[in-house]
Amino acid sequence: MTKQLWAPWRLEYIENADERQECLFCAAWESNDDERSLVIHRGVVAFVLLNKFPYASGHLMVAPTRHEGRFAALTDEEAIEMHRLAGQGIAALAASYRAEGYNLGWNLGRVAGAGVVGHVHLHVVPRWGGDTNFMPVFADIKVLPEHLLDTRRKLASAWPS
Ligand SMILES: [Zn+2]
């Protein structure tokens with residue numbers, strides 16, 4: 001007969017593990033298949049991935065490697081690297097997509113439009129002259145002409161070294 005071990009601290013661990021398991025950012029970071037997980041670039045404490053439900057071709061996201069849902073709890077190292085990665089993403093989008101402008105944004109909380117609330121991330125959305133207004137673009141998902149894998153490859157190869 002198996003002995004029951006009462007370990008209340010396990011509950012929090014299990015709950016966190018479940019949350020991490022369902023987290024697309026943690027899953028992408030832990031994946032060893034960048035194509036499948038749409039990871040474009042891996043940094044030290046932050047990384048860049050393509051949004052599976054983009055508002056525009058090349059819509060990417062920068063996230064800390066750590067599962068952290070509180071914006072103010074990001075470390076200085078994470079905040080700086082995310083800022084730098086967003087800048088590199090802009091350079092890659094300029095080189096590969098001739099983007100003319102960018103919207104960078106944090107959606108914090110469900111009411112603010114965050115799809116994943118447990119793991120903060122910075123959106124980088126490329127813009128071109130004559131494209132639709134920012135808010136309507138963010139309001140619904142459009143069908144995009146380009147396959148996500150092609151977008152990922154283009155941006156990964158255009159990533160500044
Ligand atoms: Zn996570």
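Predicted model: local features only at pLDDT ≥ 70, side-chain atom pairs only at ≥ 80, totals over all residues.

Student: Which residues does Arg66 form salt bridges with?

Tutor: One is Glu68, with the closest N and O atoms 3.0 Å apart. Another is Glu78, at 2.7 Å from N to O. Arg66 sits in the loop between E3 and H4 and Glu78 in helix H4, so this pair ties together parts 12 residues apart in sequence.

Student: Are Glu68 and Glu78 buried or exposed?

Tutor: Glu68 is buried, at 6% relative accessibility. Glu78 is buried too, at 5%. The cut-off for buried is under 20%.

Student: How many salt bridges are there?

Tutor: The count is seven. One of them joins the side chains of Glu35 and Arg153, at 3.0 Å from N to O. Glu35 is in helix H3 and Arg153 in helix H6, 118 residues apart. Glu35, Asp150, Arg152 and Arg153 are linked in a salt-bridge network.

Student: New topic. What holds the zinc ion?

Tutor: Its protein donors are Cys23 (SG), Cys26 (SG), His67 (ND1) and His119 (ND1). They lie 2.0 to 2.3 Å from the zinc ion. Along the chain their spacing is C-x2-C-x40-H-x51-H.

Student: Why is the arrangement called tetrahedral?

Tutor: Because the four donor atoms subtend angles of 101 to 119° around the zinc ion, and the rule asks for all angles between 85 and 135 degrees. The ideal for four tetrahedral donors is 109.5 degrees.

Student: Where do Cys23 and His67 lie?

Tutor: Cys23 is in the loop between helix H1 and helix H2. His67 is in the loop between strand E3 and helix H4, and the two are 44 residues apart. Cys23 is buried at 4% relative accessibility, while His67 is partly exposed at 22%.

Student: Let's zoom out. How many helices and strands are in the chain?

Tutor: Six helices and five strands. In sequence order the pattern reads α-α-α-β-β-β-α-β-β-α-α. Of the 161 residues, 38% are buried.

Student: And what about the surface?

Tutor: The chain has about 9900 Å² of accessible surface, and carbon and sulfur atoms account for 56% of that. Look for a nonpolar patch made of Phe71, Trp106 and Leu108, with about 270 Å² accessible together. Trp106 belongs to strand E4 and is partly exposed, at 31%.

How values were computed: Residues numbered from 1 in each chain as written. Heavy atoms only, no water. Patch = residues over 30% accessible without salt bridge, like charges linked within 9 Å, V, L, I, M, F, W, Y side chains within 5 Å. Areas by Shrake-Rupley, 256 points an atom, 1.4 Å probe, with all protein chains shown as cover. Salt bridge = Lys/Arg side-chain N within 4 Å of Asp/Glu carboxyl O. Helix = DSSP H or I, 4+ residues; strand = E, 2+ residues; numbered from the N terminus. Buried < 20%, exposed > 50% of the residue type's maximum accessible area, 1.4 Å probe, protein only. Donors = N, O, S within 2.8 Å, 3.2 Å for Na, K, Ca; no water. Tetrahedral: all angles 85-135°; square planar, octahedral: opposite > 155°, others 65-115°.
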